[in-house]
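This report covers the fold of one protein chain. It takes the strands first, then the helices.

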Amino acid sequence: DPMEFYKAILDRSEGHLNVHGMLLFECSEYYTSAVAHLGHQKGFSEIEIHADMQGKPRFVFMQI
């Protein structure tokens with residue numbers, strides 16, 4: 001499961017981030033939307049997807 005890594009980090013982040021704490025992920029362009037959706041399900045807000053230098057969506061920023 002390619003999402004296993006992201007799920008594990010998001011599951012373990014609860015209780016380890018301060019208010020307004022952020023997680024930043026670099027991921028395959030094919031999984032950025034899925035990672036953002038997973039973050040939303042875990043209670044993160046202000047989720048943004050950013051492109052790399054080639055214009056491909058590769059980074060997911062999320063704030064609790």
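## The sheet

Glu 48 stands opposite Phe 61 in S3. Strands (E, at least two residues) and helices (H or I, at least four residues) are DSSP runs, numbered from the N terminus. This is a predicted model: local features need pLDDT of at least 70, side-chain atom pairs count only at pLDDT 80 or more, and totals for chains, interfaces and linings use all residues. Residues are numbered from 1 along each chain as its sequence is written, and side-chain values use heavy atoms, with hydrogens and water left out.

S2 and S3 pair in the antiparallel sense, over five bridges; pairing requires that DSSP find at least two bridges between two strands. Five residues separate S2 from S3 in a hairpin. In its turn, Gly 55 has a positive phi of about 85°. S3 (residues 57-63) also pairs with S1, again antiparallel and over five bridges. There, Leu 23 has Met 62 of S3 as its bridge partner.

The three strands make an open sheet in the order S1-S3-S2, with antiparallel pairing. S1 (22-26) and S2 (45-51) stand at the edges with a single partner strand each, so one side of each has no neighbour in the sheet. On average, neighbouring strands are turned by 15° against each other, direction ignored.

## Helices on the sheet

H1 (residues 4-13) lies across S1 and S3 and runs at about 170° to S1. H2 (residues 32-41) packs on the sheet and touches S1, S2 and S3. The direction of H2 makes about 10° with that of S3. Contact means heavy atoms within 4.5 Å. Axes are lines fitted to C-alpha atoms, for helices over the stretch in contact, and angles run from 0 to 180 degrees between N-to-C directions.

## Helix against helix

H1 and H2 pack at an angle of about 25°, their axes 11 Å apart. Tyr 6, Lys 7 and Leu 10 of H1 meet Val 35, Leu 38 and Gly 39 of H2.

## Confidence

Mean pLDDT (the predictor's confidence in each residue, from 0 to 100) is 95 for the protein chain, and 100% of its residues reach 70 or more. Confidence is lowest in H1, at a mean of 95, and highest in S3, at 98.
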